[in-house]
Amino acid sequence: MRYLLIAALTVILTLPARAEVKIQEVTSPGGITAWLVEEPSIPFVALELRFQGGASLDAPGKRGATNLMIGLLEEGAGELDSQGFARATEALAARFGYDVGDDNASISARFLTENRDEALELLRLSIIEPRFEEVAVNRVRQQVLAGIRSSQNDPNDIASRAFDAATFGDHPYGSALQGTIDSVGALTRDDIVAAHKGVLTRDRLYVAAVGDITAAELGPMLDELLANLPETGAALPDKVAPMLDGSTSVVEFDTPQSVALFGQVGMERDDDDFFAAYLLNTILGGGGFESRLMEEVRVKRGLTYGVYSYLVPKDWAALYLGSVSSANDRIAEAVDVIRAEWSRMAAEGVTQEELDEAKALLTGAYPLRFDGNGSIAQIMAGMQMQGLPIDYIATRNDKVNAVSLEDINRVASEFLNPDELTFVVVGKPDGV
Amino acid sequence: MLRFLTLMLGLTLATSPVHAFEQVTDFQLDNGMQVVVIEDHRAPVVMNMVWYRAGSADEQPGVSGVAHFLEHLLFKGTDTLESGEFSATVAANGGRDNAFTSYDYTAYFQRVAADRLELMMKMEADRMVNLRLDEADILTERDVIIEERNQRTENSPGALMREQMDGVQYLNHRYGVPIIGWRHEMEQLSLQDALDYYTTYYAPNNAVLVVAGDVYPDDVRALAETYFGVLPPNPDLEPRDRPQEPPQTTPRRLVFEDARVAQPYVTRSYLAPERNPGDQSTAAALTILAELLGGGTTSFLNERLQFDQKLAVYTGAFYRGTSLDTTSFNVTVVPIQGVSLQEAEDAMDQALADFMASEIDEAHVERIKMQLRASQIYARDSVESLANRYGRALTTSLTIADVQEWPDVLQAVTIEDIRAAGELVFNERQSVTGWLTSPTSEEGSQ
């Protein structure tokens, strides 16, 4: 039986499932472009709207304005107050999600075929005609402030904030998008209205829809929903060079397990070497149980429950980050092992076997992502924001498979920079 | 606006329930292993899950955490697989695997391309009976679970308080012991402890296979018979009659102080009945009661404490009916700054009393039922969540019929049922009230 399993392992050269997602590009009569997958088997639609810019569009001194604005979209719109809007949404069993990140604001909607028009009217009101009433502003402000206070005592959040501040300084990436107690406390209704005008705009819009809707229906629907958005938004931020000096710094916090964030400069999404770096990260710390960091830090030494690394190609800077948590008396060893693995991979690269395994994992796992209307809509919105072509899904695994051992080992030596790998440790670590 | 509302009510009434279980097939192997197949042919992907009817509440006293420890150890070697080879094989086939442990069950799963199902089943059947462990496996993996406890519990004041609250709520039942284990017992877990649990509970007649995705029932049956059907059942498997709670006769309270608490809150749990085979109506009423009281923006507690009295930044009510033994109904209030936990608790008590004393809002109940009907449609977008729904139910004594009747049982709940459920559960003598606070907040001295 063991022999059979080993045989099974070695014959897997061609992986099975190809993702077959039939994407259409739809342009509405009013000129809004969307990617659509028709999937009539379940009577609902998943609609994903993204607006490039996100919290990085906060005006100077108004940190947290975009976040608070996004949180207020569902808190009263048109003639409905906060509770009225919630009741109407519940009655239709529509599900609207409003979120914001460093680089984009996102609105995710799911609504039933049977009441699609009514649901879309509610969604339109929240996007185009939010009320931003003082009473709602103050209530949601209290919620945001409670979240900020909690994050000040959360070791993971403390680590992120310290790492971002040191890496990005005054750039929007250098501070938490929720803002500070002071900045959020000082936001006025005018600030919220300005953020609304500056962030949710036509020129930054990306749309994806999956489900029980045709191309002919989608176009007019999008015009109805989004035609009244402002044409242009607030100025986008500049590119920023991460400042990473290779140090290990400690933020004292009295808790039994230290949390460490680490990182170096990353790889841009449109770099020719992106897929080599992606495979490299899979082998080093991104491949779950099969990564070197997991093997060395968890499996061999039992120093942590989890250690991970991930490429973070943001719009205005690229980072390569990782995280680990270990008891205060063990974190120093975990940091040493990670540094050693970073150096070993930079110096020696990877083996052909590791490369083949990482390719098998990445190419095999790729089709597994396209497993629901909601997830496909999110992926398609992301693809458009990254500027990927509409046939990308069919070609992506070929790009992974095209990376040679020579390529990846050149990238390992050029890209990995152990001297720049910077750690922030939050806790009461011994010997760090 | 009125026309708008009327229009929507019309739609609500016109909606008929759409059942997700049309895509479900089930059968049993000769050795007693139950099999559920959930079809979804939209993508060439499958989820292979094996659920054991054994969790942390089935552990012997003194070895808390061993169910979860064993879950980790199942990724070590068998007679035919090296340590770590299971996950490496899944990855080499482009799949992802993991596992989880709860009070009443332990489950293992792989997500892979549908044509790799046979290999997954073969390996899963292998580790059901052929696990081979040595002392070296034990020592490092024990360090890993202790770091997991550090991460999930020791670093989180809220998790530490929940652990204390559960211990106080359950004096005799193992639901009072954390799934991850008490640290001092975890540090002593041995190879023999893990093997004892394994040989007691890991057998086909104590397992449920759930396969969800691009598969057909006949094919799954053939594979299941080939790989799981040949395994011998455990003839010594005992019924799951675990130590039960004595009647609770007095309210219990605790104050948990931790310097890391930034946002104090008050939370209350009441003992509550769970879903039982053929008898789910009380649990259904409690499910809707939790939604009415604390399920979202328009819930009773939210309208009262956030919108009207402006005392809270957050309120919530939770009920998890899918449980083998007596479960709990929870209510939580997070006060705004400047409002003490005593004021928050008083306001919570007054709101609960007022809720019970006043008419239940029928329109609100209808909105909740509409959302429950719609969730049957949305659920079909994720066979994984359907697979989890069946796995959880079938490992907590419920049947396939119970799972499939549940949506109708929810729709049949009346205003009177909700009131009766509230009267049953809101009994101060069956409650535990906890305050989470920091020594420096104004609560500390109270």
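Which backbone oxygen lies 2.8 Å from a polar atom of the side chain of B:Lys369? I opened my notebook with that one, keeping in mind that this is a predicted model.

**Entry 1: a lysine in chain B**

I found that the oxygen belongs to the backbone of B:Gln411. I then checked where the lysine sits, and B:Lys369 is part of helix α13 of chain B. Buried or exposed, I wondered about B:Lys369? With a relative accessible area of 8%, B:Lys369 counts as buried, because the cut-off for that label is under 20%.

Setting aside neighbours within four places in sequence, I listed B:Ile288, B:Leu410, B:Gln411, B:Ala412 and B:Val413 as the contacts of B:Lys369. I also took one C-alpha separation: B:Lys369 and B:Pro407 are 38 residues apart along the chain, and their C-alpha atoms are 9.5 Å from each other.

**Entry 2: helix α16 of chain B**

I moved on to helix α16 of chain B, residues 415-425. Which of its residues are buried? I noted B:Ile415, B:Ile418, B:Ala421, B:Gly422 and B:Val425. These residues share one side of α16(B), because they span an arc of only 125° around the axis. A reminder to myself: an α-helix has 3.6 residues a turn, so residues three or four places apart point the same way.

I turned the helix over as well. On the face of α16(B) directed away from the buried side I found the exposed residues B:Glu416 and B:Glu423.

What covers the buried residues of α16(B)? My list from chain B includes the strands β8 (265-272) and β10 (327-335), along with the helices α10 (281-294), α12 (341-357) and α13 (362-379). Helix α13 is also where I had placed B:Lys369.

**Entry 3: where chains A and B meet**

Last, I looked up the interface. I have 80 residues of chain A in contact with 70 residues of chain B. The two chains bury about 6,600 Å² between them, with 60% of that on carbon and sulfur atoms.

How many salt bridges cross the interface of chain A and chain B? The rule gives seven. I picked out the salt bridge that joins the side chains of B:Arg111 and A:Asp371, at 3.1 Å from N to O.

Which element of chain A gives the most to the side that touches chain B? I found helix α3 (residues 82-92), with eight residues. By class, that side of chain A holds 39 nonpolar, 22 polar and 19 charged residues.

Definitions and conventions. Residues numbered from 1 in each chain as written. Chains lettered and ligands numbered in written order. Heavy atoms only, no water. Contact = heavy atoms within 4.5 Å. Buried area = accessible area lost by both parts, 1.4 Å probe. Salt bridge = Lys/Arg side-chain N within 4 Å of Asp/Glu carboxyl O. Helix = DSSP H or I, 4+ residues; strand = E, 2+ residues; numbered from the N terminus. Nonpolar A, V, L, I, M, F, W, Y, C, P; charged D, E, K, R; others polar. Buried < 20%, exposed > 50% of the residue type's maximum accessible area, 1.4 Å probe, protein only. Arc of directions from axis to C-beta. Polar contact = N/O pair within 3.5 Å; in protein donor to acceptor, adjacent residues only side chain to side chain.
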